[in-house]
Amino acid sequence: MSLKFIVGVKKEEYDKFVSNFPSTCFMQQSSWANIKNAWEHELVGLKENEKLVATALILKRPLMLGKKLFYIPRGFVIDYKN
């Protein structure tokens, strides 16, 4: 099994994966980043044999002293049984 972490998953691929997953929340859609426009965002994923098997919308916000806050709304989209 070969897993690869991807930063910058294409929006279309991300949304297709999240939309087809049985237990997602609207806050896990890429469009949620448009609502949280004061935050930077990144779409990340985990691929197994070039197939997306997990995703997350990571929201980032700068803090004082050069620190950043990272937040993943409602957690990762992943099949925990796999």
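Leaving aside neighbours within four places in sequence, which residues is F17 in contact with? Keep that in mind as we walk through this predicted model.

**Before you click.** Residues are numbered from 1 along each chain as its sequence is written. Local features need pLDDT of at least 70 and side-chain atom pairs count only at pLDDT 80 or more, while totals for chains, interfaces and linings use all residues; side-chain values use heavy atoms, with hydrogens and water left out.

**Select the whole chain.** In cartoon view, look for two helices and five strands, following the pattern β-α-α-β-β-β-β along the sequence. Helices here are DSSP runs of H or I with at least four residues, strands are E runs of at least two, and both are numbered from the N terminus. The C-alpha atoms fill a box of roughly 40 × 25 × 25 Å, taken along the principal axes.

**Now select V9, Y14, F17 and L57.** These have the most contacts inside the largest nonpolar core, which has 16 residues. Such a core is a set of buried Ala, Val, Leu, Ile, Met, Phe, Trp, Tyr and Cys residues joined through side-chain atoms within 4.5 Å. Colour α1 (11-19), α2 (32-35) and β3 (51-62) next: each supplies at least two residues of this core. Buried means under 20% relative accessible area (1.4 Å probe, protein chains only), and 35% of the 82 residues count as buried.

**Zoom in on F17.** Here is the reply to the opening question: F17 is in contact with L52, V53, A54, T55 and V77, leaving aside its neighbours within four places in sequence. Contact means heavy atoms within 4.5 Å.

Key. Buried means under 20% relative accessible area, exposed over 50%, partly exposed in between (1.4 Å probe, protein chains only).
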